[in-house]
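Subject: Structure for you to look at

Hi,

Here is the structure I promised to pass on. Could you open it up and read my notes alongside?

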Amino acid sequence: MSSGCEARQGKFWRVAAVFAASLALTLTGCASGGGGGEDAAETTTSAAAEKVDAIADTVPGPIRESGKLIVGVNIPYAPNEFKDPSGKIVGFDVDLMNAIAATLGLTAEYRESDFAKIIPSIQGGTYNVGMSSFTDTKEREKSVDFVNYFNAGIQWAQRPDSPIDPNNACGKKVAVQATTVEETEELPAKSKACTDAGKPPIEIVPFDGQDAAANAVVLGQVDAMSADSPVTAYAIKQSNGKLEPAGEIFDSAPYGWPVQKGSPLAQSLQQALDHLIESGTYKEIAANWGVESGMIEKATINGAVN
């Protein structure tokens, strides 16, 4: 892929989606970044949060004494984590993690990594926590614990003047990012249902980058696009009215921050997130990135649905 990131499936095996600035969509401020190094990177935050002593005191001693929360992250996956034109790591996940760290009396230090190396690095103690839109699954919970902070599903987008029904798209062209679950599972299943019923199949049109998939819809090259719900929500927000939702979000599952199995840090993160939910900071951050549809009401640990 153009970013050099390891491909990974969306929804259950999160995909690296580049959402770069695009003339066709008149998008702004979404530059793709590199993703293979191990250097710490600077970040920005859009919502202020202050230390809460009672919660900060629950942080494991070594982390509390270091003053840092070491976060493994893979870039890019707009709007959750990507680099702005200046090269800073930004996004919904970043703003939220910065607020979490502040609540814990810590400073988040982001270290870029290959996606596949993040969980092993958490197990080995190199990172305290992972932040790359991980879907919490029963299989992954065997290796790490997850603090759930968001619900993501699949969402389609369409042109406002050309409505399409995701449940009745036989014979239509649908854009996806290559290797995502939308390409490998969702659309093949829908297409098979079409052919089993004697109808024409769905023409699945894969693209290397999510920006190209969205552009194809805008330009009328395809009838719709399918992607993880926060990716679609962000594409719609950035499209200046050229895209709109097609149908409802479906197949929702929780995103989570992975930490070492059995680590008390999970409870610290959970308490910090509940505090941000109650204070309204969580909602403010979600609204800033257009992903309110995935907000949760209470933080959980190991909430995988399958």
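Below is what turned up, feature by feature. Do keep in mind that this is a predicted model.

**The disulfide**

The whole structure has one disulfide. The partners are C170 and C194, with the sulfurs 2.0 Å apart. C170 sits in the loop between β8 (144-158) and β9 (173-177), while C194 belongs to helix α5 (residues 181-196), so the bond ties together parts that are 24 residues apart in sequence. The S-S torsion comes out at about -85 degrees, so this is a left-handed disulfide. C194 has a relative accessibility of 4%, so it counts as buried.

While you have α5 on screen, look at K190, which is also in that helix. Is this lysine, K190, buried or exposed? With 17% relative accessibility it falls under the 20% cut-off, so K190 counts as buried. Leaving aside residues up to four places away in sequence, K190 touches W156, P166, N167, I202 and F250.

**Cores and helix α3**

The largest nonpolar core contains 63 residues. The residues with the most contacts inside that core are L69, F92, M97, W257, L269 and L273. Take L69 as a way in: beyond its neighbours up to four places away in sequence, L69 touches I63, M97, A101, L106, T107, A108, E109, N128, V129, L265 and L269. There is also a second, separate core, this one of 13 residues, and it includes I154, W156, C194 and I202. So the disulfide's C194 turns up again here, because it is buried at 4% relative accessibility.

Helix α3 (residues 92-103) deserves a look too. Its 12 residues should span 16 Å at 1.5 Å a residue, and the end C-alpha atoms are 17 Å apart, which agrees. The helix is mostly covered, with 11 of the 12 residues buried. After α3 comes G105, which has a positive phi near 75 degrees.

**Salt bridges**

How many salt bridges are there? The count is 11.

- K83 pairs with E112, the closest N and O atoms being 2.8 Å apart. K83 is in strand β3 (residues 82-83) and E112 in strand β5 (residues 107-112), so two strands are tied together across 29 residues of sequence. Both K83 and E112 are buried.
- D274 pairs with K298, with closest N and O atoms 3.5 Å apart. D274 is part of helix α8 (residues 265-279), and K298 is in the loop between α9 (281-288) and β13 (300-301), so parts 24 residues apart in sequence are tied together. D274 is buried at 13% relative accessible area, whereas K298 is exposed at 57% relative accessibility.
- K51 and D53 meet through their side chains at 3.9 Å, N to O. K51 is exposed, with a relative accessible area of 52%, and D53 counts as partly exposed at 49%.
- K68, E109 and R111 are linked in a network. E109 is also one of the residues that L69 touches.

**Aromatic pairs**

The search of the whole structure gave nine aromatic pairs.

In the F150 and Y255 pair, the ring centres are 5.8 Å apart and the planes are at 25 degrees, so the pair is stacked. F150 comes from strand β8 and Y255 from strand β12 (residues 244-260), so the contact ties together parts 105 residues apart in sequence. F150 is buried at 2% relative accessibility, and Y255 is buried at 1%.

The other pair is Y234 and W289, which is tilted, with 6.1 Å from centre to centre and 45 degrees between the planes. Y234 lies in helix α7 (residues 229-238) and W289 in the loop between α9 and β13, 55 residues apart. Y234 is buried at 4% relative accessible area, and W289 is buried at 11%.

Finally, ring pairs connect F92, Y149, F150, Y255 and W257 into a cluster. F92 and W257 are also among the residues with the most contacts in the largest core.

Cheers

Methods:
Residues are numbered from 1 along each chain as its sequence is written. This is a predicted model: local features need pLDDT of at least 70, side-chain atom pairs count only at pLDDT 80 or more; totals for chains, interfaces and linings use all residues. Side-chain values use heavy atoms; hydrogens and water are left out. A disulfide is a pair of cysteine sulfur atoms within 2.5 Å. Helices (H or I, at least four residues) and strands (E, at least two) are DSSP runs, numbered from the N terminus. Buried means under 20% relative accessible area, exposed over 50%, partly exposed in between (1.4 Å probe, protein chains only). The expected span of a helix is 1.5 Å times one less than its number of residues. A nonpolar core is a set of buried Ala, Val, Leu, Ile, Met, Phe, Trp, Tyr and Cys residues joined through side-chain atoms within 4.5 Å. Contact means heavy atoms within 4.5 Å. A salt bridge is a side-chain nitrogen of Lys or Arg within 4 Å of a carboxyl oxygen of Asp or Glu. Rings of Phe, Tyr and Trp (its six-membered ring) pair if their centres lie within 6.5 Å; planes under 30 degrees apart count as stacked, over 60 as edge-to-face and the rest as tilted.
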